[in-house]
Each structure stands twice: as structure tokens, then as C-alpha cells.
Amino acid sequence: MINSSSDNVKKLNSINRRMFITGSVKFFIMIGLVSRLFFLQVKENKKYLTLSDKNRIREWKLAPVRGEFHDYFGNVIAGNFEAYQLHIIPEQVEDFRYVIYRIKDLLELNDKEFKRIIKKKNEIKSWETLIVSDNLSWKKFSKINNHLYDLNGVKPVISISRNYPFGSNFTHVIGYVSQANEQDIENNEAIKKNFVPGLKIGKVGLEKSFEKQLIGSNDIERYEVNAYGRRISQLEFQKGEKGKSLRLTVDTKVQQLSNQLLKDQAGSICVMDIYTGEVIAMHSSPSFDPNLFVFGISQDDWQIIRNDPMKPLVNKTLQGNYSPGSTIKPIVALSALENGIINTNFTVNCRGHKHPLELYGQTYHCWKKQGHGFMNLRNAMKQSCDTYFYEIARKLGVDRLSETAKKFGLGKEVFGNLFNIEKKGLVPSTQWKKNALGQSWVLGETVITGIGQGYIQTTPIQLCLMTAQIANGGYKIYPKIVIDDENKTSPIDKFTPLYKNSKNIKIVQDAMFASTNEVRGTSYRSRIDDPKYQFAGKTGTAQVKKITERDRELDLKTFQIPYEERDHALYIAYGPYKNPRYAVSILVEHGGNGSTTAAPMAKKLFKTIIDRHQLRESINNKKYLDI
Amino acid sequence: MYQHNRLTTNNFNFFSKLANFDYILMACILLLGFISLATMYSTDGGKILFHTKSHFTKLIVFTIMMLIFSFINIKFWFSIGYFFYVIIIGLLIWTYLFGIKSSGSQRWIDLYFINLQPSELMKICIILCLAKYFHRMKLENVNSLYAILSSLIIILLPMGLVIVQPDLGTSLLISISGLAVLWFAGINHKYFIYTMIGFLISLPFIISFLKPYQKLRVLTFLNPDRDPLGAGYQIIQSKIAVGSGGIFGKGFLKGTQSYLEFLPEKHTDFIFTLFSEEFGFIGSVFLLLIYAIIIYRIVAIGAQSRSYFAKLFCYSFAASIFVYITINMSMVLGLLPIVGSPLPIMSYGGSSMLATMIGFGIVMSAKVHNQQSIA
């Protein structure tokens with residue numbers, strides 16, 4: 001018993017000692033747990049709170065509202081309209097098959113469209129929105145609304161979408177929008193930031209160039225979601241900002257007139273303010289309806305546009321490299337005068353096709369079979385005598401000519417990098433030929449450059465700028481099409497003189513006046529006698545192919561020649577002659593003859609342009625009147 | 001002498017038993033039950049659904065059972081120690097042979113009215129059995145080879161049966177419960193230290209024997225960001241839930257992590273996460289405090305007990321409860337790899353609650369009969 005009790009005491013001592021050790025260990029572990037809790041919940045609370053919010057809150061972005069384009073007078077030329085759309089969230093539909101077939105009947109969908117919708121439905125999650133139709137007519141939209149009672153889960157939605165009220169009139173200025181593809185998202189930060197499925201972005205033209213300003217910012221809806229991404233409740237709606245609207249320098253009336261003038265013909269018309277460089281109209285024909293692209297163009301429409309032989313997709317004003325033909329003659333004359341090669345009295349005898357200019361066995365004909373006789377500068381320009389310009393070009397040499405041409409804006413992009421499609425054209429020089437073709441320059445090539453044939457190539461907008469700079473007395477201007485373009489800083493060399501002697505500009509201007517307003521002038525028939533509208537110009541007829549001896553013998557009329565072989569008709573002009581303000585360049589592809597095809601258009605154009613001048617000025621003054 | 005007489009009399013009546021009851025422990029258990037019910041209600045999304053109802057029923061039934069157990073003399077618990085152990089071993093073998101398979105493991109047996117998980121019962125049973133084994137043993141014999149080997153067999157047998165289910169977590173908890181008894185029984189420190197060292201050395205080898213999903217758990221614990229949507233998901237989401245709770249919590253029924261179903265196993269092993277998210281640091285510390293009081297009371301009851309068996313049982317049971325809590329919390333707080341270990345009373349699960357309540361019942365019985373000595 002004693003033994004046992006002493007053992008008991010020992011046992012009790014042992015167990016109590018060990019209990020004490022265990023208790024202390026427990027105490028410290030408890031403190032450890034509490035400090036861990038403290039660390040997570042108090043110290044790191046912010047971090048985990050953010051993580052938790054990230055978990056539970058998901059953002060849904062809605063397509064931003066795109067900025068508009070306005071013309072000079074504030075008319076909307078690219079706006080937004082309310083598109084009627086039909087959305088379905090599949091999980092909210094009890095009997096999807098029934099509903100979708102019902103919709104198929106109501107909207108009269110064909111099998112192809114129907115299959116596309118079914119395919120799309122299978123690709124998305126059941127709580128995501130299925131866009132059944134993105135642009136319904138009002139009739140169909142109201143039909144759906146009338147049948148909503150047995151279309152559970154179907155949502156008629158009004159969404160904002162692009163609209164071009166003037167259809168094809170402005171296509172080659174502002175371009176069009178269409179669904180963004182992966183490449184667009186990759187290349188443009190603004191698109192990447194604001195991307196939502198179905199986002200429409202500018203594909204060409206100003207819509208593309210000003211994407212950043214136009215795109216605006218998303219409306220953001222914040223939803224609480226569960227672990228499977230299903231929306232539980234809406235927490236917040238953050239209104240996005242509408243994209244910036246841009247005001248253009250173009251005048252819708254003039255632009256519409258340009259469209260009418262070039263109807264059914266391929267070509268281009270540009271109108272420019274000769275002092276401010278504002279582009280009043282810029283049209284390339286044929287055009288196409290940009291509204292077709294907004295919701296994705298149908299295959300049929302696309303094929304029609306793509307296969308049109310007149311190439312509506314090509315912006316001829318900016319992308320078309322054409323031989324300038326006789327429209328280059330004012331520059332050739334100016335260059336010759338500036339370099340002291342000729343004076344106003346310098347004369348060349350044009351003796352017709354029987355006695356053409358001959359150089360190293362090659363003959364160079366004037367366009368006039370009988371010849372012009374003795375020509376001075378004024379007469380040569382007036383009647384567009386080729387022989388005269390062969391001669392002065394020969395004396396001048398191509399390098400001095402190209403120097404003047406480049407000064408006046410040929411051979412480089414008129415709008416800089418505003419339009420990424422714009423072509424540079426080509427002003428040849430001996431150095432250029434050596435570099436590009438590895439051959440040396442031949443004198444004959446200088447001779448034909450003098451009448452705007454051969455290597456030389458210009459775009460219609462370049463010719464317009466050239467004309468404007470001659471018309472304003474030889475001062476440099478920078479053409480612009482968007483008012484308040486933030487991207488552009490005012491260039492320093494604006495209005496610097498491009499001439500050595502201002503008298504030379506006057507001589508060329510006078511010669512151009514003669515060409516339009518004096519008897520025997522090439523565009524005499526298109527003149528306007530009223531000094532208010534009177535303009536001065538220069539015709540041009542650019543050969544598409546080399547004229548052979550046989551052609552010369554046949555001397556076919558324009559309509560007898562196959563379309564693709566007809567000459568391009570060109571015309572450059574500025575007006576009113578006294579106190580000039582506007583420059584025009586017109587190009588009609590395969591139009592036959594500058595004086596019969598292109599010049600009459602200028603007559604109609606100047607009437608409208610000058611009539612609208614007062615109105616245009618008043619818009620500018622208006623801001624002072626308002627005060 | 002008088003005292004001795006009074007307490008050894010067998011007509012130790014009901015009211016004096018009631019007076020001897022540990023009301024603090026009882027209050028804590030009831031409070032814990034209430035908290036667990038509220039939390040369960042929250043996991044059901046603020047509605048009284050299956051889990052809440054079921055948990056409530058179990059809580060009521062097992063609490064009544066505990067009260068009944070506490071009026072049964074401690075001598076009875078001592079006497080059934082081995083028998084209980086044998087029964088549970090039998091049930092484990094039964095599980096191994098005819099158990100219900102669910103999600104890749106075979107842990108349950110179908111008793112028609114309840115699906116029982118015998119491995120949970122083994123956690124309490126092993127303490128009872130070993131406490132009985134060491135009760136009469138002299139201190140010098142405790143460290144004899146025979147005693148150590150036979151007690152190790154008592155521990156290893158159920159462990160093996162549980163590991164094959166497979167359920168590593170529970171088998172570890174069983175062994176820890178067993179080792180706790182060995183520790184209090186007075187087995188030499190050295191053996192524990194040697195075992196620890198041996199375990200650490202053999203750790204790399206043990207890891208190579210682990211099942212791929214177990215290895216993944218260890219790797220995930222070491223770096224949860226390794227696979228944030230796969231294996232690391234539980235730990236990351238759990239930490240986010242606890243951390244986002246802050247000092248005062250997001251409020252009852254407002255835990256976004258659980259409500260939006262980011263939390264895994266929120267009814268069972270991760271119940272503390274939900275509680276902690278909704279009630280914050282204050283709530284969590286309060287819950288820990290309740291557990292601490294419970295543990296303290298159990299230890300105190302052990303200290304007051306006259307019999308060595310009751311002492312051994314109480315101390316070991318307190319240590320086991322402490323270990324369960326620590327392991328569960330460390331797991332959800334990202335301090336330990338994920339092992340299946342429920343939080344006593346709080347977690348949903350009948351067998352676990354049954355085992356805990358049996359334990360509390362015996363402890364309470366030890367308190368009520370604290371002057372009872374066992375020969």
C-alpha cells in the first residue's frame with residue numbers, strides 16, 4: 001500500500017509536470033495562432049480585401065459611343081443612330097429550341113443565318129449575351145415586341161451605332177467603321193483599352209486616323225459575381241465618355257456636287273482654300289455606301305464593290321498616281337522663268353505633225369496636227385502647245401524642273417501621315433533614275449516630262465495643292481481637313497514664299513487666265529465671264545499609252561477608243577481670278593480630253609463654291625457676333 | 001474520514017451529481033453549439049436548409065447524450081475502455097471490407113439511420129483505451145519495452161486501418177491522440193525526441209511513398225501560387241476570405257467569399273474561414289477564447305480528479321482537442337498543408353461531433369465523480 005501510494009505520488013508528479021509543459025506549449029501555440037490571425041486580418045487586411053473584391057466584382061464594358069464627324073457648317077456627316085437589336089441570354093430561356101424557331105419565323109431568317117446563330121450560341125457560356133440580330137428594321141423590331149409574351153428571355157435592345165447620313169458622298173474622306181479584328185486590337189492601344197465584343201472601329205480614312213479621339217470610353221457595369229462567373233447583382237454603373245466629335249473643313253454642298261459631277265465616271269475632285277489650305281471637298285469616284293460595312297458587309301455587296309472595274313475601293317484623290325499631263329505646264333513655265341531660261345518674249349515655232357521636234361531620232365509631236373505657229377509663253381500655255389514646252393523643258397533640264405515641282409508640293413504626301421494610304425507620287429530627277437532604275441537620264445525623258453508624261457506622277461490632291469500655291473501668289477500652305485486637329489502643331493514655314501521673283505508667279509497666273517478666258521484657250525468654252533465667278537485654269541490630257549503612228553493616222557474620237565485606253569482628263573483651276581480664294585483639281589479617268597470633260601465640271605463647281613463663300617466666311621465671324 | 005465515507009457510498013444522489021456539474025464547460029459547449037449553428041445557417045446562404053437542420057438535430061441529440069454520459073460513473077468508462085477499442089477496431093475492419101465508397105475513399109459504414117465514420121470515434125477511443133492501459137502501471141514499468149511496444153501496437157493498428165481507407169489526416173490525429181496519452185503516462189522524453197528526429201530524417205522517404213494527390217498538397221502548401229486555380233485554390237481562397245474579414249468582419253451573412261461560393265468545403269474543414277470572414281479578428285479571437293476555456297476546464301477537471309485514469313484521460317483529451325483545433329486553423333490560415341481535419345463541434349459531420357461529445361461526456365463524468373477513485 002505504501003509502495004503503491006509512493007508510486008502514485010510519483011505518477012502524479014510526473015503527469016502534473018508534463019501537464020505543465022504541455023500547457024505552456026499550448027499557450028505559445030495559441031499566441032501563434034492569434035498572431036497569424038492578426039497578421040492576416042489586421043496587417044494584411046487591405047491586400048486580401050482587394051483580392052476578395054477582385055474575386056467577387058467583375059466589370060462588364062459596354063461599347064463606347066463614337067464621336068461624330070461634322071462638316072464645316074456643323075452638319076452631321078457621320079453620326080450615331082439607335083440600332084434595334086435582339087439579344088438572348090440562353091440560360092434565361094426555358095425552352096431555347098422553341099424560342100429560337102419562333103424568332104426564325106418572325107424575323108424570316110434564312111437557314112444560313114439561322115445556322116450562324118446556333119453556332120454562336122454553342123460557343124458562348126449560357127449566361128453570356130447572344131446577339132441574334134444587330135440591326136433590325138423597325139417593322140421587325142416591333143413585330144418581336146408584339147410577340148414578347150411568348151418569347152421568354154428575349155431582349156429587344158436599342159444600341160447606339162454608326163450612321164452615315166450622306167451615304168457614299170463622304171466615303172473617301174471619313175472612311176467607314178466595322179468590327180474590330182485581332183490585328184486592330186493588337187496595333188492600337190485605344191482600341192485595346194476600350195475593346196468589347198462587337199466594337200466598331202475605323203477601318204480607313206479619318207475614322208481610322210482619328211480612332212483615338214473618336215472612340216470615347218466604355219460604360220462600365222460592375223457586377224458581383226459568384227465563383228462560376230454568374231452575375232449576382234449590379235453594384236455600379238459608370239458612365240463612359242462619348243468620343244470627341246470632329247469638325248471638318250469640308251462643305252457638304254460642294255462635296256455633293258462633286259459626287260454628282262463624277263457620277264458614273266471614275267475620277268477625283270478636290271477643292272481647297274488657297275490661303276488656309278482647308279479642303280472644301282475631296283471626292284473620289286466611284287464611291288460606295290459606308291453604311292454597308294457597319295454591321296459587316298454581305299458577301300454579295302462586297303463582291304460588287306470589289307469587282308467594279310472603276311475600283312471604288314481605291315481613293316483616287318490620295319492613292320491615284322497619274323501622269324499630270326499638261327496640268328504640269330504652269331510649273332514647267334514657272335521653273336523656266338525662275339531659272340532665267342526664258343522670258344515672256346521667248347518664242348518657239350510649232351510646225352505641226354509634219355515637222356515634229358526631233359531628238360536623237362525620236363520625234364515629239366504637239367497635240368495639234370496643224371501646229372500652233374510661233375508661240376510665246378502666254379500663248380503656249382493658253383493653247384497648251386506641247387512643242388513649246390518640249391523646248392523649254394529641254395533647256396531647263398529635269399533637275400531644275402523637279403526642284404520647283406517639289407517646292408510646290410509634288411512628290412510628297414500632302415497630308416503628311418494623316419492618311420496612311422496616301423501616295424507620294426513621283427517627281428523624277430537624274431539622281432532618282434540612277435538610284436531607282438540604275439540607268440542614266442535621257443534627254444528625251446526631260447522633254448516629255450515637260451508635258452507631264454513619262455516618269456512623273458502626281459495625285460489629284462497634289463495638283464490641287466500646287467494650283468492653290470500658284471494662286472495664292474506662291475506661298476506655302478499646309479492643307480488640312482480637320483479643324484482643331486490636336487495632333488498637328490502649326491508648321492513654322494507656313495506662308496514662306498516659294499518663288500525667287502513674285503513677277504514670275506504673276507506671269508504664270510496670267511497665262512492660266514488666258515487659257516480659260518481668251519479665245520483659243522483650251523478651256524475657253526468653260527469660262528465664266530462674270531468677274532465674281534471668273535476663274536483661271538489649265539487643262540490636261542494624260543496619255544495612258546504611248547501614241548503610235550497608226551493612232552495618229554486614225555485620229556480616233558474618244559468614244560471610238562476602248563475605255564481602258566482612253567486618256568485621263570484633268571483640269572486645275574483657281575478662282576475668282578481677281579482676289580482668288582479657291583483652287584480646284586479635277587481628274588476624270590479615261591475621260592478623253594481635259595477641255596471637254598474636266599473643264600466644264602470646274603465651271604459648275606466654281607459657281608457653287610463662290611456662291612457659298614459668303615456663308616463660309618459668316619460661320620467664322622459668327623463667334624464674334626454671338627458675344 | 002467522513003468525506004471518504006460519503007463519497008464512496010453508492011447512493012450518491014442525482015442532485016449532488018447535478019451540483020458537481022461543470023457549468024462553465026457546459027456553457028462553453030452550448031455557446032459553441034450556438035455559434036456553429038449560426039455559422040451553418042450562414043453557409044446555407046441565410047436560409048434554414050439541409051445542413052443547418054441536420055447540424056441542429058445532431059447537436060441536440062449528442063448534447064443530451066453527453067448529459068446522460070456525465071451521470072454514468074467514471075468507473076464504467078474505465079471498465080469499457082478495452083471493449084470500446086475492440087468494437088471500433090471491428091467497425092474499422094468492417095469499413096475496410098464493406099464500407100461506403102465516396103470520392104475515392106472508403107470511410108463510412110451504413111448503419112441505416114446514420115452513416116458512421118469509425119475513424120472519428122477511434123480518436124476518442126484510443127485515449128480511453130490507453131488511459132486504461134496505463135492506469136495501473138507503475139511508473140518504472142511505463143518505460144519498459146513491453147509497455148512501449150504494446151501501446152505502440154494499440155496506436156498503430158487503427159492507424160493502419162485508417163490509412164488504407166485512405167485518410168491520412170484522421171490517422172495522424174489518431175496517432176497524436178495516442179501519443180498524447182503516452183506522453184502524459186510518463187514515457188521518457190528521449191523516445192519522443194528520438195522519434196521526432198527519426199521522423200524528420202525519414203521525411204523525404206515518407207514523401208516518396210505518398211499518393212500523388214498528397215504530394216500535390218504538400219507542394220501546394222509550400223507554394224500555393226503554383227497552381228492558383230487548381231490545387232492551390234483552396235488555400236488561396238481561404239486566406240483571402242480570412243484576410244478580407246478585417247478587424248470586425250464583413251458581418252453576419254455578408255461573407256462574400258463563401259456566399260459567392262469561392263470557398264471550398266465551407267461546411268466542414270473550412271468552416272472557420274467563413275466564421276472568420278464574417279466576424280473578423282474579434283470574432284475569431286473570441287472563438288479561440290471559447291476553445292481555450294473549454295480546454296482549460298478539461299485540464300482543471302483532470303487536475304481535480306482523484307483517479308489517475310480520469311487525469312490521464314482529461315489531459316490527453318484536452319491535448320487532442322487542442323491539436324485538432326490547431327491543425328484545422330493552421331490549415332485554413334495557410335500554416336500547414338491541407339489535411340482533412342474538422343474543427344470540433346463547429347464543423348459539419350456527425351461522427352466527429354459524436355466523438356467529441358463522447359469525450360466531453362466522459363470528462364463531465366470525471367468531474368461529477370471527481371472523488372471517485374478507481375482501484
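Predicted model: local features only at pLDDT ≥ 70, side-chain atom pairs only at ≥ 80, totals over all residues.
Figure 1. Chain A has 627 residues, of which 42% are buried. Its secondary structure comes to 25 helices and 20 strands. Of the contacts in chain A with a separation of 6 or more, 74% are made by residues 24 or more positions apart. Chain B has 375 residues, and buried residues make up 50% of them. The secondary structure of chain B consists of 16 helices and three strands. Residues 24 or more positions apart account for 70% of the contacts in chain B with a separation of 6 or more.

**Figure 2. The side of chain A that touches chain B.** In this view, 34 residues of chain A are in contact with 35 residues of chain B. Three elements of chain A each supply at least two residues of this side: helix H1 (2–43), helix H2 (45–56) and strand E8 (219–225). The largest share, 20 residues, comes from H1(A). Sorted by class, the side of chain A that touches chain B holds 16 nonpolar, eight polar and ten charged residues.

**Figure 3. An open sheet of three strands in chain A.** The strands of this sheet follow the order E1-E8-E9 (chain A), and their pairing is antiparallel. Strand E1 (57–62) and strand E9 (231–238) of chain A stand at the edges; each has a single partner strand, so one side of each is left without a neighbour in the sheet. On average, and with direction ignored, neighbouring strands of the sheet are turned by 30° against each other.

**Figure 4. The pairing of E1(A) with E8(A).** These two strands pair in the antiparallel sense over six bridges. Within this view, Trp60(A) stands opposite Glu221(A), a residue in E8(A).

**Figure 5. A kinked helix in chain B.** Helix H14 of chain B runs over residues 271–304 and has 34 residues. The C-alpha atoms at its ends are only 34 Å apart, whereas a straight helix would reach 50 Å at 1.5 Å a residue. H14(B) contains a kink of about 125°, centred on Gly280(B).

**Figure 6. A covered helix in chain B.** Helix H12 of chain B, residues 233–245, has 13 residues and spans 18 Å from its first C-alpha to its last. This span is close to the 18 Å expected at 1.5 Å a residue. H12(B) is mostly covered, with eleven of its 13 residues buried. Among the buried residues of H12(B) are Ile235(B), Ile240(B), Ala241(B) and Val242(B), as well as Gln234(B) and Lys239(B).

**Figure 7. The surroundings of Tyr82(B).** Tyr82(B) lies in helix H5 (residues 74–98) of chain B. Is this residue buried, exposed or partly exposed? Tyr82(B) counts as partly exposed, because it has 13 C-beta neighbours inside 10 Å. With its neighbours within four places in sequence left aside, Tyr82(B) is in contact with Cys129(B) and Lys132(B). Tyr82(B) and Ile126(B) are 44 residues apart in sequence, and their C-alpha atoms are 9.2 Å apart in space.

Definitions and conventions. Residues numbered from 1 in each chain as written. Chains lettered and ligands numbered in written order. Contact = placed C-beta atoms within 7 Å. Helix = DSSP H or I, 4+ residues; strand = E, 2+ residues; numbered from the N terminus. Nonpolar A, V, L, I, M, F, W, Y, C, P; charged D, E, K, R; others polar. Pairing = 2+ DSSP bridges. Axes fitted to C-alpha atoms, helices over the stretch in contact; angles between N-to-C directions. Expected span 1.5 Å × (residues − 1). Bend = angle between axes of the 7 residues up to and from the residue. Buried ≥ 20, exposed ≤ 12 C-beta atoms within 10 Å, placed from the backbone.
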